[in-house]
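Subject: Handing over a structure, with notes

Dear colleague,

I am passing on the structure below, together with some notes on what was found in it. Please look through the sequence and the coordinates first, and then read on.

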Amino acid sequence: MAACAAARATFVKSAIQFAQTYGFDGLDIPVAADKVNAVHLFADLRAAAPANFIISLASPAIGDNLNGYDLGGIAKYGAYRFQEVS
């Protein structure tokens with residue numbers, strides 16, 4: 001989804017609309033398989049969301065799951081937080 005601008009736009013619009021409809025103050029995006037385009041997804045979410053809308057990346061704090069992600073790029077558009085994994 002993140003690799004295709006049109007699919008990203010559809011996801012962004014529906015995700016933000018869903019969050020607002022149900023009174024959520026943001027979205028917690030799980031680690032996606034598309035490491036290359038994750039920054040584009042976060043940038044699009046930030047551009048479409050209200051200023052006070054929280055966007056965070058849920059990811060494991062350890063392991064190789066984060067290898068290849070541009071965490072600095074993602075952090076420009078959302079809050080990065082570590083989540084404990086079992």
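Leaving aside its neighbours within four places in sequence, which residues is Asn37 in contact with? Those residues are Ala2 and Ala3. Please keep in mind throughout that this is a predicted model. Asn37 itself is placed in the loop between strand S1 (26-30) and helix H2 (38-48), and because its relative accessible area is 14%, under the 20% cut-off, it is buried.

For the overall picture, the protein chain has three helices and three strands, and read from the N terminus on, these elements run α-β-α-β-α-β. Of its 86 residues, 34% count as buried, while the accessible surface comes to about 5300 Å², with 58% of that belonging to carbon and sulfur atoms.

The largest nonpolar core has 18 residues, and the members that touch the most other members are Ile16, Leu27, Leu45, Phe53 and Ile74. Helix H1 (5-21), S1, H2 and S2 each supply at least two residues of this core, and the largest share, five residues, comes from H2. As for Ile16, when residues up to four places away in sequence are not counted, it touches Leu27, Leu45, Ala48, Ala49 and Phe53.

The packing of two helices can be followed in some detail. H1 and H2 pack with their axes 10 Å apart and at an angle of about 45°, and the two helices are therefore oblique to each other. The contact is made on the H1 side by Arg8, Phe11, Val12 and Ile16, and on the H2 side by His40, Leu41, Asp44, Leu45 and Ala48. In passing H2, H1 makes a right-handed crossing.

One of the residues in that contact, Arg8, lies in helix H1 and counts as buried, because its relative accessibility is 10% and the cut-off for buried is under 20%. Apart from neighbours within four places in sequence, Arg8 is in contact with Met1, Ala2 and Ala3, and also with His40, Leu41 and Asp44.

Between Ala38 and Ala3, which are 35 residues apart in sequence, the C-alpha to C-alpha distance is 8.5 Å.

Finally, is Ile54 buried, exposed or partly exposed? With a relative accessible area of 42%, Ile54 is partly exposed, because that value falls between the 20% and 50% cut-offs. Ile54 lies in strand S2 (residues 54-60), and not counting residues up to four places away in sequence, it touches Asp25, Gly26, Leu27 and Arg46. The C-alpha atoms of Ile54 and Asp25 are separated by 6.1 Å, although the two residues are 29 residues apart along the chain. Leu27, for its part, is also touched by Ile16.

With best wishes

Definitions and conventions: Residues numbered from 1 in each chain as written. Predicted model: local features only at pLDDT ≥ 70, side-chain atom pairs only at ≥ 80, totals over all residues. Heavy atoms only, no water. Helix = DSSP H or I, 4+ residues; strand = E, 2+ residues; numbered from the N terminus. Buried < 20%, exposed > 50% of the residue type's maximum accessible area, 1.4 Å probe, protein only. Contact = heavy atoms within 4.5 Å. Core = buried A, V, L, I, M, F, W, Y, C linked by side-chain atoms within 4.5 Å. Areas by Shrake-Rupley, 256 points an atom, 1.4 Å probe, with all protein chains shown as cover. Axes fitted to C-alpha atoms, helices over the stretch in contact; angles between N-to-C directions. Parallel < 35°, antiparallel > 145°, perpendicular 65-115°, else oblique. Left-handed = near helix turned anticlockwise from the far one by under 90°.
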